[in-house]
Amino acid sequence: MTENATEGTRQTVMIAAFEGWNDAGSAATAALQHLHEVWGAEDVDELDPEEYHDFQVNRPVVTTDDDGRREITWPTTTIASAVLSPTGRRVVLVHGIEPSMRWRRYCRELLDVAEEHGVRTVVTLGALLADVPHTRPIPMTATSESVGLQAVLDVEPSTYEGPTGIVGVLQHAAAERGMQSVSLWAAVPHYVAHPPSPKATLAILARIEELLSEPIPLGDLPEDAEAWQHGVDELAAEDAEIAEYVQQLEEAKDTAELPEASGEAIAREFERYLRRRDRGNPGKGPTV
C-alpha cells in the first residue's frame, strides 16, 4: 500500500475470505463472490484439498451435469485474478474453506502463489456474531500490523488475544514475509446469524472500496439488504421479547456512538460518493 496511487499500474492486492469460523452469516465469502462477479475475475489456480481438509468434516458434493454425468466437487481453495479498469490494478481473489489441518503449510502455499502474482498487500475478510442491532449500520473493524498503514489508512493495530482462525494465521504469515496486510471484520447481529447477510456484505464491500479507491458496482445488493432488514423487522414485530431486545441494542448503540456525530463519517460518505460519480477519475486519497 502507498499513500497515493503510483504512476501507471497500482500495487497488486490479494483479498481472501474463508467459509467457516471466520464467516458469520456468510457475509465475508459473499463479498468475495460479489467481487469475483463484478470484476470479471478468472480462476487461475487452486490448492490440492487432499493436503488440508478432513473430508468427514467438509464432505465433497456429488452433482449431475447437463449431460447426465455424475461429478464430484471437492472442498478446495480457488485463486482468481482480475485487472480493474481504468486503473489497471491487478487483484487476486482467494475463496476457500477454513482448512482442517496443516495451517502453516496452507498459508505458505497460498502466499507462494501470491508472490508469483506480484502481491504486496493481503486483505483478509471476516465476519463475527455480535450484540448489534440489525436496524443500525453494520459495525466494521479494520486492523493492521503494518505500522505505516495504520497512520495512512486510519486503521488500528489488533488488540485481540485468544483463539484465532485461518484469517489470523494468514495475516501473521503475510507479515512474516514482509507483506503489508489489513484485516476487515463485519459484526453480524447474532439473532439473525443464518445466511445470507446482505447488509453485512454491503458494509464489507464499502470498506474495500475505501481501501482500494476502486469503485465497486453493487448491483441488486442494496435492495437485497433493504429487503433483509425489512424481513427481520417483521419477524421481530411478531415476538415481543425480541422486539424489546432489539430496542435495548439500539439504545446502547446510539448512546455509544453519540460522540461520533462529527464530520469524519460525513467526509467518508462524501469521498465514496465522489468515487462513484467519476469512475474514470479514481480517488486520489490514501489507497492500497
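Axes here are lines fitted to C-alpha atoms, for helices over the stretch in contact, and angles run from 0 to 180 degrees between N-to-C directions. Keep that handy for the helix pairs below. This is a predicted model, so local features need pLDDT of at least 70 and side-chain atom pairs count only at pLDDT 80 or more, while totals for chains, interfaces and linings use all residues. Residues are numbered from 1 along each chain as its sequence is written, and side-chain values use heavy atoms, with hydrogens and water left out.

First, the overall layout. The protein has eight helices and nine strands, taken as DSSP runs (H or I, at least four residues, for helices; E, at least two, for strands) numbered from the N terminus. Of its 288 residues, 44% count as buried, meaning under 20% relative accessible area with a 1.4 Å probe and protein chains only; over 50% is exposed, and in between is partly exposed. Take the contacts (heavy atoms within 4.5 Å) between residues at least 6 apart in sequence: 80% of them join residues at least 24 apart.

Now the helix pairs. The axes of α2 (residues 103–116) and α4 (residues 166–176) come within 10 Å and cross at roughly 55 degrees. That makes α2 oblique to α4, given that under 35 degrees is roughly parallel, over 145 roughly antiparallel, 65 to 115 roughly perpendicular and the rest oblique. On the α2 side, W103, Y106, C107, L110 and L111 meet I166, V169, L170, A173 and A174 of α4. By class, this contact has 10 nonpolar residues, no polar and no charged ones; Ala, Val, Leu, Ile, Met, Phe, Trp, Tyr, Cys and Pro count as nonpolar, Asp, Glu, Lys and Arg as charged, and the others, Gly among them, as polar.

Helices α1 (residues 27–38) and α5 (residues 198–212) pack at about 55 degrees with their axes 8 Å apart, which makes α1 oblique to α5. Here A27, A28, A30, A31, H34 and L35 in α1 meet A200, T201, I204, L205 and I208 in α5, giving nine nonpolar, two polar and no charged residues.

Two single residues are worth a click. S181 sits in strand β9 (residues 180–189) and counts as buried because its relative accessibility is 1%. Leaving out residues up to four places away in sequence, S181 touches V122, T143, S144, E145, S146, L149 and Q171.

D65 is in the loop between β3 (61–64) and β4 (70–73), and its 17% relative accessibility makes D65 buried too. The D65 side chain reaches the backbone nitrogen of D67 at 2.9 Å and that of R69 at 2.8 Å.

Definitions and conventions. Polar contact = N/O pair within 3.5 Å; in protein donor to acceptor, adjacent residues only side chain to side chain.
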